[in-house]
Amino acid sequence: MNKFDNPRWRTIDIVVASVIAVAFGVIFWAWGLVWSATSGAFAFFPPAQTLIYGVWLMPAVVGGLVIRKPGAALYCETVAAVLSALLGSQWAGTVIPQGIVQGLGAELAFAAFRYRSFRLPTALLAGALTGVSAALFDFFVWNAKYDLTSYRIPYALLTVVSAAVVAGVGGHALTTALARTGALAHLPAARDRTLI
């Protein structure tokens with residue numbers, strides 16, 4: 001077994017996962033401002049705003065793809081959510097349990113492949129399951145007062161689409177780009193590095 005196949009977290013894994021989470025925590029806070037600013041653009045069909053939701057789900061997928069150890073997706077999404085709450089998220093502390101639920105979605109996808117597959121299909125599944133978990137949380141916590149067929153169901157479906165594309169495909173592309181630079185040289189994702 002090489003150093004990358006050991007399921008135990010090394011110090012570098014903790015540091016890099018924390019950097020990913022902190023970076024996305026700041027992005028989360030800023031994305032909340034974007035979300036508020038764009039609500040008018042989606043007035044024609046409010047559930048369509050979830051097409052930009054996937055940004056909030058990226059740390060779970062990126063963390064899982066970069067660290068490749070049990071708990072990485074959950075850790076990155078949760079810490080990012082905690083930081084965004086500390087920075088003054090407009091949704092306050094509710095984003096913390098929301099982050100935990102979202103991180104669990106991606107964690108399930110990586111666990112389904114026993115933390116051994118990190119290709120695009122796995123990233124797509126991780127994004128989609130993160131979207132499912134986000135949609136379920138929102139379905140009961142944020143959207144319970146809205147109509148089921150005209151709002152909650154389209155909202156949930158579009159959240160999963162956004163998560164699969166933005167967090168899944170986008171997270172895979174970001175991880176691949178970082179691996180090609182050599183920035184992940186001491187991490188499991190370095191195995192995917194293509195020499196240029």
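1. Contact here means heavy atoms within 4.5 Å. Leaving out residues up to four places away in sequence, Thr-122 touches Phe-110, Phe-113 and Ser-117. Thr-122 sits in helix H5, residues 120-141. Helices are DSSP runs of H or I with at least four residues, strands are runs of E with at least two, and both are numbered from the N terminus. Thr-122 is buried, with a relative accessible area of 2%. Buried means under 20% relative accessible area, exposed means over 50%, and partly exposed lies in between (1.4 Å probe, protein chains only).

2. A word on the basis of these values. This is a predicted model, in which local features need pLDDT of at least 70 and side-chain atom pairs count only at pLDDT 80 or more, while totals for chains, interfaces and linings use all residues. Residues are numbered from 1 along each chain as its sequence is written, and side-chain values use heavy atoms, with hydrogens and water left out.

3. Next come the salt bridges. The structure holds two salt bridges. The term stands for a side-chain nitrogen of Lys or Arg within 4 Å of a carboxyl oxygen of Asp or Glu. One joins Asp-13 to Arg-10, with the closest N and O atoms 3.1 Å apart. Asp-13 has 0% relative accessibility, so this residue counts as buried. Arg-10, at 22%, counts as partly exposed.

4. Asp-13 also forms a salt bridge with Lys-69, where the closest N and O atoms are 3.6 Å apart. Lys-69 lies in the loop between H2 and H3, and Asp-13 lies in helix H1 (residues 11-38), so the pair ties together parts that are 56 residues apart in sequence. Both Lys-69 and Asp-13 are buried. Arg-10, Asp-13 and Lys-69 are linked in a network of salt bridges.

5. Now the helix packing. Two packed helices are described by the angle between their axes and the distance between the axes. Axes are lines fitted to C-alpha atoms, for helices over the stretch in contact, and angles run from 0 to 180 degrees between N-to-C directions. How do H2 and H3 cross? The axes of H2 (residues 58-67) and H3 (residues 72-86) come within 7 Å and cross at roughly 140 degrees. H2 and H3 are therefore oblique to each other. Angles under 35 degrees count as roughly parallel, over 145 as roughly antiparallel, 65 to 115 as roughly perpendicular, and the rest as oblique.

6. The crossing of H2 and H3 is right-handed. On the H2 side, the contact is made by Met-58, Pro-59, Ala-60, Gly-63, Gly-64 and Ile-67. On the H3 side, Ala-72, Ala-73, Cys-76, Glu-77 and Ala-80 take part. These residues divide into eight nonpolar, two polar and one charged. Ala, Val, Leu, Ile, Met, Phe, Trp, Tyr, Cys and Pro count as nonpolar, Asp, Glu, Lys and Arg as charged, and the others, Gly among them, as polar.

7. H3 also packs against helix H4 (residues 95-112), at an angle of about 160 degrees and with the axes 7 Å apart. H3 and H4 are therefore roughly antiparallel to each other. Their crossing is right-handed. The contact includes Leu-74, Thr-78 and Val-82 of H3, and Ile-96, Gly-99 and Phe-110 of H4. The residues of the contact divide into 12 nonpolar, five polar and two charged.

8. Two loop residues deserve a check of phi. Most residues other than glycine have a negative phi. Ala-92 is not a glycine, yet has a positive phi of about 55 degrees. Ala-92 lies in the loop between H3 and H4 and is partly exposed, with a relative accessible area of 42%. Arg-114 is not a glycine either, and has a positive phi of about 55 degrees. Arg-114 lies in the loop between H4 and H5. Is Arg-114 buried or exposed? Arg-114 is exposed, with a relative accessible area of 59%.

9. Phe-24 is in helix H1. At 8% relative accessibility, Phe-24 counts as buried. Neighbours within four places in sequence aside, Phe-24 is in contact with Val-55, Met-58, Pro-59, Val-62, Ala-80 and Leu-174.

10. Last, Ser-150 is in helix H6 (residues 148-181). Ser-150 counts as partly exposed, at 42% relative accessibility. Not counting residues up to four places away in sequence, Ser-150 touches Phe-45 and Pro-47.

Key
Left-handed = near helix turned anticlockwise from the far one by under 90°.
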